Amino acid sequence: MIASNERPIRVAQVVHGLVVGGIETWLVNVLKTIDRNRFQVDFITSRPEACYYDDTVRALGANLIHCPSPRKPWIYGPALRKILKDGQYDAVHAHVDHYGGFIMRVARSAGVKVRIAHSHSDTSRKQSQANLWRQFYLKSTKRWIRTSATQGLAVSDLAGRSLFPTWGNDQRWNTLYCGIDTEAFHQTVNRDAIRKKFGLPEDAIVLGHLGGFREPKNHVFLVEIAKAMRSIDSRAHLLLVGDGPLREDIQQLVDQANLQQHVTFAGLVDDATEVLRGAMDVFVFPSLWEGLPLAVVESQAAGMPSVISDVISSEVTLIPSLVNRLALTDSAQHWAETAITAAKAPPSLPSDEALRQIESSRFNLANAVRTLEALYAGD
């Protein structure tokens with residue numbers, strides 16, 4: 001604990017908005033875990049509307065500061081600079097992909113000593129498809145990261161190569177495995193009650209997914225898997241947890257396929273870990289691209305088998321016996337067969353042993369927070 005007359009280290013987390021997502025949930029868990037006597041952590045957001053975690057971070061002592069839309073950098077830049085100078089921030093931590101380069105540049109001009117750009121996803125595929133204007137933007141932002149960031153963090157090697165120039169040849173750029181809070185995994189869950197809550201049949205074989213309804217998560221293919229699973233076992237059921245801009249489109253696909261009775265849209269939930277452990281038999285994650293999805297780490301912490309796409313970094317595989325990797329070119333039928341077979345198979349190891357292995361791994365949240373504290377303090 002710092003002395004009562006000593007000023008706390010002020011940290012500004014820059015995000016688009018505190019919606020329910022992997023990055024935002026992780027940041028909330030960081031805020032819960034970090035030494036809040038030593039660090040004053042605030043959030044700079046650009047979404048005009050209220051977001052899911054706003055009240056949560058305020059209750060934890062964080063300030064929520066609105067900045068104009070980054071789509072107008074000539075307005076956003078001066079506003080951000082004023083916020084940083086007025087708040088006398090010691091560290092800025094940007095979680096907005098390539099736009100973080102612009103934020104690093106502004107933070108440098110505002111005199112912020114610690115400037116961290118964070119890569120949470122491997123966007124190399126989309127970068128390769130960029131038009132000329134987008135290519136110019138990407139080159140500019142990467143250059144600003146190189147010249148203005150004091151640190152660069154990435155959730156995986158692929159995510160690091162996607163954003164940081166000279167990845168692997170610059171000591172400023174490092175991998176930080178975000179880690180999960182395992183406390184909830186020690187709580188007992190009432191499987192029958194949770195399944196009843198979501199209207200799942202008692203004998204259902206539940207293929208589950210956690211993630212926002214956005215392009216990378218590949219919900220269209222999940223619907224194809226749902227079609228195939230019905231021909232394999234009539235008890236098979238798909239549970240989709242999350243929300244997002246593509247949810248209505250996916251619901252229409254489910255309706256067109258007459259799968260309404262076999263697919264459940266759970267929406268946003270207060271405790272995703274409880275649903276993961278209590279409702280699902282196998283975790284299915286056919287993402288088109290990712291940084292390093294913590295949901296797959298959580299499925300392993302629960303001792304649950306998972307079926308994931310092989311484009312996801314191998315760093316996510318902590319308990320190999322629980323993770324099945326399939327190609328996105330494999331058929332939906334093959335994905336469905338693999339998932340249902342995994343769900344029916346006896347556990348490869350006890351759930352308490354799976355949790356022990358995750359807690360002793362590099363994906364323990366406490367390890368990540370200790371690293372962040374040292375970076376924010378300039379150690």
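Modeller: A polar contact is a pair of N or O atoms within 3.5 Å, where one must be able to donate a hydrogen and the other to accept it. Please bear in mind that the model is predicted.

Biologist: With which side chain does aspartate 281 make a polar contact at 2.4 Å?

Modeller: That partner is the side chain of arginine 191. The aspartate 281 side chain also makes a polar contact with the side chain of arginine 195, at 2.7 Å.

Biologist: Where does aspartate 281 lie?

Modeller: Aspartate 281 is in the loop between α11 (272-279) and β11 (282-285).

Biologist: Is aspartate 281 buried or exposed?

Modeller: Aspartate 281 has a relative accessible area of 18%. Buried means under 20%, so aspartate 281 counts as buried.

Biologist: What else does aspartate 281 touch?

Modeller: Leaving aside residues up to four places away in sequence, aspartate 281 touches Arg191, Arg195, Ala204, Ile205, Val206, Met304, Pro305 and Ala343.

Biologist: How does the lining divide by class?

Modeller: There are 16 nonpolar, five polar and four charged residues in the lining of the second largest pocket.

Biologist: Staying with α13, what about histidine 334?

Modeller: Histidine 334 belongs to helix α13. With a relative accessible area of 35%, histidine 334 is partly exposed. Between histidine 334 and glutamine 300 there are 22 Å in space, C-alpha to C-alpha, and the two are 34 residues apart in sequence.

Biologist: A change of topic: how far does helix α1 reach?

Modeller: Helix α1, residues 22-33, reaches 17 Å from its first C-alpha to its last, close to the 16 Å expected for its 12 residues.

Biologist: Which residues of α1 are buried, and what do they pack against?

Modeller: Glu24, Trp26, Leu27, Val28, Asn29, Val30 and Leu31 are buried in α1. The buried residues of α1 pack against the strands β1 (9-14), β2 (39-45) and β5 (114-119), and against the helices α2 (54-59), α12 (294-301) and α15 (365-376).

Definitions and conventions. Residues numbered from 1 in each chain as written. Predicted model: local features only at pLDDT ≥ 70, side-chain atom pairs only at ≥ 80, totals over all residues. Heavy atoms only, no water. Nonpolar A, V, L, I, M, F, W, Y, C, P; charged D, E, K, R; others polar. Helix = DSSP H or I, 4+ residues; strand = E, 2+ residues; numbered from the N terminus. Buried < 20%, exposed > 50% of the residue type's maximum accessible area, 1.4 Å probe, protein only. Contact = heavy atoms within 4.5 Å. Expected span 1.5 Å × (residues − 1).
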